[in-house]
Amino acid sequence: MKSELYKGREQARFKHELLEAYLERLFMIVGHHQRTICYVDCFAGPWQAKGDDLEDTSIAVSLNIIRKCREGLLKINHNVHFKALFVEKDPTAHAKLKDYLDGRNDEGVETHPLHGEFIQLREEILSRCGNDSFTFFFVDPTGWKDAVELATLDPLLRRPNSEFLINFMYDFLVRTHTQEPFSDDMKRIFGRVPDTKGMTAKAREEHLVRLYRENLKTVVPTRGGKPRTACVQVKKVLLDRTLYHLVYLTRHPKGIAEFMAASDGLDLVQKRLRALAKQESQVESSGQLVLIAADESIKKEEGRADLSEVKSYWLTKLSSIPRRFGITELADMLEETDWFASDFQKAFKELDAEGKVKNQDAKTVRPVNVVNFEKGEMLVKLT
Ligand SMILES: C[S@@+](CC[C@H](N)C(=O)[O-])C[C@H]1O[C@@H](n2cnc3c(N)ncnc32)[C@H](O)[C@@H]1O
């Protein structure tokens, strides 16, 4: 992605990188068993696009990855039909969207620009997706009203065989959740008016995001596994404060593992983008050039889970009776803690070296991934 197109809105670049990384994993997996895959951008834009060909928008990012995945799947004899729906209410933006879609010609990919309010178009969206497809809904509005509340999303959340990525606008919500005029809105979003009195900033953030995630999980479709959520924090570019969270909802444990793996891969990207943007802003205001680019000094460990906490957590999960840890167990752990699989691997490796735990199925020394969750392996705590 071109840095100059994202100058001053680096958080959008991170959002697009995550969308791209996760959609690629998702489509390549789902495409093995699904004949039709739908992608629905419920608040599509284009919005704040700088590039002429919309390359810095979720519209182009998603279509490019759809094209790449369709070609990849064709090579392994899976002819997947893709449908991509883009909803936009603003007439000017919608006209640009329509022109862009008319100008693309991606074989095997049907595109539909829908003009109007998302809330009014929910039935049409569902009917265009049909009953047999797998559908990914991207919900990235500019405000919360008629967008992220449970009642608004309810008909979509009831659809089986679907996943969601929702922009949870923390920066707005943290300021308004205690204000009386917004209490009805808060009930619609959280299921109740959140009580965060006396909480630290970190505890309040965790509480509000958890509350929203738990509320989303209360809507259960007729079929599919238990609902699960994960989320990624996106910070303001120049300040050390959260701008929004991207909340992910699936009914499949593998979805959580894949989403968190995609996020893990981009954790360092976000830190580097923010460090560079801060440095550029300092250079602009001071007029002084710097010799070392700020992103080079960023360490992967910064802001990551405390390894001693991850180790203690592992020990609570294990016992002297060996237990199989597969993708479902990994998804439970990821969902419970919001840590990454790589954090769990590192912590298990240290515990193993300390003689506290053992992977009974690891016959040889594994330098990085000491537990193969894909296979499911027997882990035990040594006393
Ligand atoms: C945050 S922008 C989308 C950005 C886009 N997802 C991206 O990453 O490039 C939200 C878009 O939703 C549109 N919008 C706002 N309210 C809407 C509504 N009720 N229904 C449909 N579109 C809406 C806005 O005009 C804007 O283009």
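1. A salt bridge is a side-chain nitrogen of Lys or Arg within 4 Å of a carboxyl oxygen of Asp or Glu. K375 and E377 meet this rule, with 3.9 Å from N to O. Side chains of opposite charge can pair when their charged atoms come close.

2. This is a predicted model, in which local features need pLDDT of at least 70 and side-chain atom pairs count only at pLDDT 80 or more, while totals for chains, interfaces and linings use all residues. Residues are numbered from 1 along each chain as its sequence is written, and side-chain values use heavy atoms, with hydrogens and water left out.

3. The chain has 12 helices and 10 strands. Both are DSSP runs numbered from the N terminus: helices are H or I with at least four residues, strands are E with at least two. The C-alpha atoms fill a box of roughly 65 × 55 × 45 Å along the principal axes.

4. Buried residues make up 50% of the 383 residues in the chain. Buried means under 20% relative accessible area, exposed means over 50%, and partly exposed lies in between (1.4 Å probe, protein chains only).

5. E377 also forms a salt bridge with R366, and here the closest N and O atoms are 2.8 Å apart. E377 lies in strand 10 (residues 377-381) and R366 in the loop between strand 9 (357-359) and strand 10, so the pair ties together parts that are 11 residues apart in sequence. Is E377 buried or exposed? E377 is buried, with a relative accessible area of 0%.

6. The structure holds 34 salt bridges. One of them joins E354 and K356 at 3.1 Å, N to O. E354 is partly exposed at 39% relative accessibility, and K356 is partly exposed at 37%. Elsewhere, a network of salt bridges links E214, K217, K226, R228, D332 and E335.

7. The largest pocket has a volume of about 1500 Å³. Of its 42 lining residues, K202, E205, Q233, K235 and G303 are the closest to the centre. A pocket is found on a 1 Å grid over the protein atoms alone, as an open set of points where a 1.4 Å probe fits, with protein on both sides within 12 Å along at least five of seven lines; lining residues have an atom within 4 Å of a point. Domain 1 (3-277) and domain 2 (307-381) both give residues to the lining, so the largest pocket lies between them. The domain bounds come from an automatic or database domain assignment.

8. The lining of the largest pocket divides into 13 nonpolar, seven polar and 22 charged residues. Asp, Glu, Lys and Arg count as charged; Ala, Val, Leu, Ile, Met, Phe, Trp, Tyr, Cys and Pro as nonpolar; and the others, Gly among them, as polar.

9. Which helix gives the most to the lining of the second largest pocket? Helix 1 does, with four residues.

Notes: Grid points are joined across faces, edges and corners, and a volume is the space filled by probe spheres set on the points.
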